[in-house]
Amino acid sequence: MQDDGIPALKGWSEAELDAAFAALRSELEKDDVFVALRGSPKSSEEIEEFRLRWLGRKQGRLKAISDAWLKAAPADAKKPLGQRFNTLKALIEARLESAAGSGMAAIALDAEAIDITLPGRRRKLGAEHPLIRTQHEIVGIFQRMGYSVGVGPEVETDYYNFESLNFPPGHPARDTQDTLVVAGQERKPLRERLLMRTHTSPVQIRTMERQAPPVRIVIPGKVHRNDAADATHSPIFHQVEGLCVDVGITFADLKGTLDHAMKELFGSSVRTRFFPSFFPFTEPSADVQISCPFCGGAGCRKCKQSGWIELLGCGMVDPAVFGFVQQKQPGYDPEKISGFAFGMGVDRIAMMKYGIGEIGLLYSGDLRFLEQFA
Ligand code: PHE
């Protein structure tokens with residue numbers, strides 16, 4: 001072969017021409033695409049490149065060789081030379097055509113092709129957020145005890161968030177839940193002013209106003225307080241509220257229900273204990289502690305060496321609360337019915353269950369954190 005890639009001809013006899021074309025033919029037979037055109041698909045780009053490489057009018061190999069050879073050929077060799085070029089060209093064209101005719105051109109569009117025999121592309125499922133997962137878990141425990149699930153508004157009136165829960169205007173108990181209020185409400189009477197609910201307890205009142213006793217309901221939801229953010233405080237957090245009202249409900253029912261719920265949540269070896277506390281809407285009120293699920297009660301860093309962790313507030317519904325409800329539902333007669341309520345922080349429980357040290361991580365949207373729950 002010469003430097004310009006044009007094979008050298010030994011002479012112009014038919015035998016010498018045949019030998020030269022046999023060499024060209026075997027070069028063609030080594031071309032991947034030429035071989036592939038017989039069966040296995042090639043991309044349309046590759047086929048077009050192949051066509052240009054061999055048959056291109058300007059740069060094509062056959063054109064370059066025939067130009068060189070025909071120019072040098074003596075007059076009587078031009079015809080047999082031309083015939084052989086035509087044969088070779090026809091061979092390539094036939095191969096290209098049969099590929100197109102057999103649907104290979106269509107198959108060759110592999111970039112755009114849809115192979116319906118391939119399994120579909122799976123979209124990655126997101127993971128349940130640890131807060132929502134914990135909330136579902138808590139709610140599920142009460143659903144299995146026959147409770148239904150309710151919701152209420154996050155923007156509340158002063159009446160539902162405070163007054164009907166027996167926090168009278170100006171009562172010091174209001175200071176325990178520093179409120180984020182909606183601006184521009186000053187001209188309304190206090191009870192109609194809007195605020196971000198500080199707890200899920202207003203939904204107790206809303207539920208009882210809608211539904212005569214008996215009631216067994218849990219209310220999960222978001223609450224807001226004017227608290228400075230730190231490792232364990234966030235101005236937005238979550239609670240699950242519970243309310244049970246019926247004939248003859250006692251403090252023993254409250255204790256049994258919460259003890260069972262805590263065992264479901266943290267394991268059957270967990271114990272509970274109840275301490276006197278105060279909420280304006282329950283009487284008596286209690287704080288509930290569970291034996292530390294990390295050390296089993298022996299004392300560790302998590303429970304500050306006490307063996308116990310405080311987890312929720314609860315109590316028997318104060319008759320004054322039934323008094324507010326009776327304005328709409330006379331069935332809540334404190335002489336005939338009684339009930340208990342409880343409220344727990346979902347964030348706190350999620351942090352304990354998953355060993356999360358910073359409440360802010362629950363609200364950061366940081367995928368490196370969230371992916372650990374996938
Ligand atoms: N609402 C109270 C709080 O946010 C918790 C609670 C609910 C206490 C129900 C008693 C009964 O602190």
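How far apart do the C-alpha centres of domain 1 and domain 2 lie? In this predicted model, the distance between the two centres is 82 Å. The protein chain is divided into domain 1, which covers residues 14-112, and domain 2, which covers residues 130-373.

Three elements each contribute two or more residues to the shell around the ligand, namely strand 5 (236-246), strand 8 (308-317) and strand 9 (338-345). Of these elements, strand 9 supplies the largest share of the shell, with three residues. Classified by residue type, the shell consists of eight polar, five nonpolar and two charged residues. Among the 15 residues around the ligand, those that come nearest are His199, Ser201, Arg225, Gln239 and Glu241.

For His199, a polar side-chain atom is placed 3.0 Å from a nitrogen atom of the ligand. In the case of Ser201, an N or O atom of the side chain lies 2.9 Å from a nitrogen atom of the ligand. The side chain of Gln239 likewise has an N or O atom at 2.9 Å, here from an oxygen atom of the ligand. The ligand taken alone exposes 330 Å², of which the protein buries 92%.

A cis peptide bond links Pro213 to Pro214, with omega near 5 degrees. Pro214 is located in the loop that runs between helix 9 (202-210) and strand 4 (215-224). The peptide bond from Glu283 to Pro284 is also cis, and its omega is near -5 degrees. Whereas Pro214 belongs to a loop, Pro284 falls within strand 7, which comprises residues 282-291. A further feature concerns Lys304, a residue other than glycine that has a positive phi, near 50 degrees. Lys304 is positioned in the loop connecting strand 7 and strand 8.

Notes: Residues are numbered from 1 along each chain as its sequence is written. This is a predicted model: local features need pLDDT of at least 70, side-chain atom pairs count only at pLDDT 80 or more; totals for chains, interfaces and linings use all residues. Side-chain values use heavy atoms; hydrogens and water are left out. A residue is near a molecule or strand if one of its heavy atoms lies within 4 Å of it. A polar contact is a pair of N or O atoms within 3.5 Å; within protein, one must be able to donate a hydrogen and the other to accept it, and residues adjacent in sequence count only if both atoms are side-chain atoms. Accessible areas come from the Shrake-Rupley method with a 1.4 Å probe; for residues, only the protein chains shown count as cover. Helices (H or I, at least four residues) and strands (E, at least two) are DSSP runs, numbered from the N terminus. Ala, Val, Leu, Ile, Met, Phe, Trp, Tyr, Cys and Pro count as nonpolar, Asp, Glu, Lys and Arg as charged, and the others, Gly among them, as polar. Domain bounds come from an automatic or database domain assignment.
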